[in-house]
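Trainee: I would like a close look at one part of this model. Please take me through it step by step.

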Amino acid sequence: MPELPEVEALSRFVAAKAVGTTVERAEIASLSAIKTYRPPIDDLVGRGVVGTERRGKYLLIDTDGLWLVIHLALGGWLQWREKTPAARARPGKGPLALRLGLSSGSGFDVTEQGMEKRLALWLVTSPDEVDGVARLGPDPLADSFDVAALRTVLAGRGANLKTVLVDQSSLAGVGNAYSDEALHRARLSPFKPAGKLTEDEIHKLHHALIGVLTDAVERSTGLPAKDLKAEKRSGMAVHGRTGQVCPVCGDTVREVSFATKSLQYCPTCQTGGKPLADRRLSRLLR
Ligand SMILES: [Zn+2]
């Protein structure tokens with residue numbers, strides 16, 4: 001799933017390519033992806049693209065007061081087309097959800113791979129009309145997100161750090177991958193109760209979060225949309241690297257699996273050398 005750094009890079013990439021052009025085509029190919037009916041998608045046609053924004057993991061395209069809001073979810077992506085295909089996008093079962101053509105002759109396809117269809121599109125006059133956008137917690141890359149802001153996010157929370165970091169209403173834009181990376185850099189267990197951090201640990205986590213996200217934004221900014229996924233994978237120390245060597249200490253990266261996802265961590269760096277119980281694995285071994 002694209003998280004804050006990838007969506008930020010996509011936003012900057014689309015802005016560089018599209019601002020100043022006019023929408024000439026807006027075609028929905030996945031009826032389940034579009035969540036608003038009024039105004040209709042055709043209303044985008046003839047409007048100028050004036051800017052793009054990222055809010056959490058949402059990509060927003062501003063056509064001078066009418067906003068196309070895109071949530072890429074698990075298997076969604078934006079494919080930039082230097083030349084938009086002439087064929088009109090039609091509702092079907094393929095990965096294509098939306099095709100947007102611009103006056104420059106270029107444009108983009110919004111696609112979604114996989115069985116689970118979670119990609120969502122909205123056309124609104126204000127981004128806050130989208131519930132998920134209105135509910136977003138503070139953005140970790142905002143100037144105002146200081147140590148005190150993180151302390152507020154964590155205060156009184158009985159849930160574990162992993163859960164709180166990926167909760168979009170607590171913190172905007174961090175998902176499964178960058179929460180693993182930030183916890184590893186902060187040398188904190190994903191299962192530590194969020195409300196129980198010491199002042200020193202809050203400082204470390206704040207530093208790690210900002211560092212991991214800023215590094216990833218810097219690596220991905222300027223890259224074409226098609227290269228962002230590989231870039232994301234290559235920058236990971238523990239996420240998606242089960243069984244491989246921790247680049248910090250040389251221990252083996254381990255995994256805890258849940259019903260539909262998993263987290264990765266390094267025991268030496270994060271849990272005092274003790275592997276966390278993996279319920280799925282212990283069940284298999286029993
Ligand atoms: Zn390690």
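How are the donor residues of the zinc ion spaced in sequence?

Mentor: Keep in mind that this is a predicted model. The spacing of the zinc donor residues reads C-x2-C-x16-C-x2-C. The protein donors are C246, C249, C266 and C269, each through its SG atom. They lie 2.2 to 2.3 Å from the zinc ion.

Now the geometry. The angles among the four donor atoms run from 96 to 114°. The site counts as tetrahedral because all angles then lie between 85 and 135 degrees. For reference, the ideal angle for four tetrahedral donors is 109.5 degrees.

C249 sits in the loop between α7 and β9 (254-257). C266 sits in the loop between β10 (262-265) and α8 (267-270). The two are 17 residues apart in sequence, so the pair ties those parts together.

Side chains of opposite charge can pair when their charged atoms come close. The structure holds 21 salt bridges. One of them joins E6 to K232, with the closest N and O atoms 3.9 Å apart. E6 belongs to helix α1 (residues 4-18) and K232 to helix α7 (residues 228-234), so this pair ties together parts 226 residues apart in sequence. Both partners are buried: E6 has a relative accessible area of 3%, and K232 has 14%.

D167 and R157 form a salt bridge, and their closest N and O atoms are 3.4 Å apart. D167 is in the loop between α4 (161-166) and α5 (176-186), while R157 is in the loop between α3 (147-154) and α4, so the bridge ties together parts ten residues apart. D167 is partly exposed at 24%. R157 is partly exposed too, at 27%.

Then there is a pair within one helix. D200 bridges to K204, with the closest N and O atoms 3.2 Å apart. The two residues are four apart in helix α6 (residues 199-220), a separation of about one helical turn. D200 is partly exposed, at 47%. K204 is partly exposed at 42%.

Finally, salt bridges also form a network here. E8, R12, R54 and D139 are linked in this way.

Notes
Residues numbered from 1 in each chain as written. Predicted model: local features only at pLDDT ≥ 70, side-chain atom pairs only at ≥ 80, totals over all residues. Heavy atoms only, no water. Salt bridge = Lys/Arg side-chain N within 4 Å of Asp/Glu carboxyl O. Buried < 20%, exposed > 50% of the residue type's maximum accessible area, 1.4 Å probe, protein only. Donors = N, O, S within 2.8 Å, 3.2 Å for Na, K, Ca; no water. Tetrahedral: all angles 85-135°; square planar, octahedral: opposite > 155°, others 65-115°.
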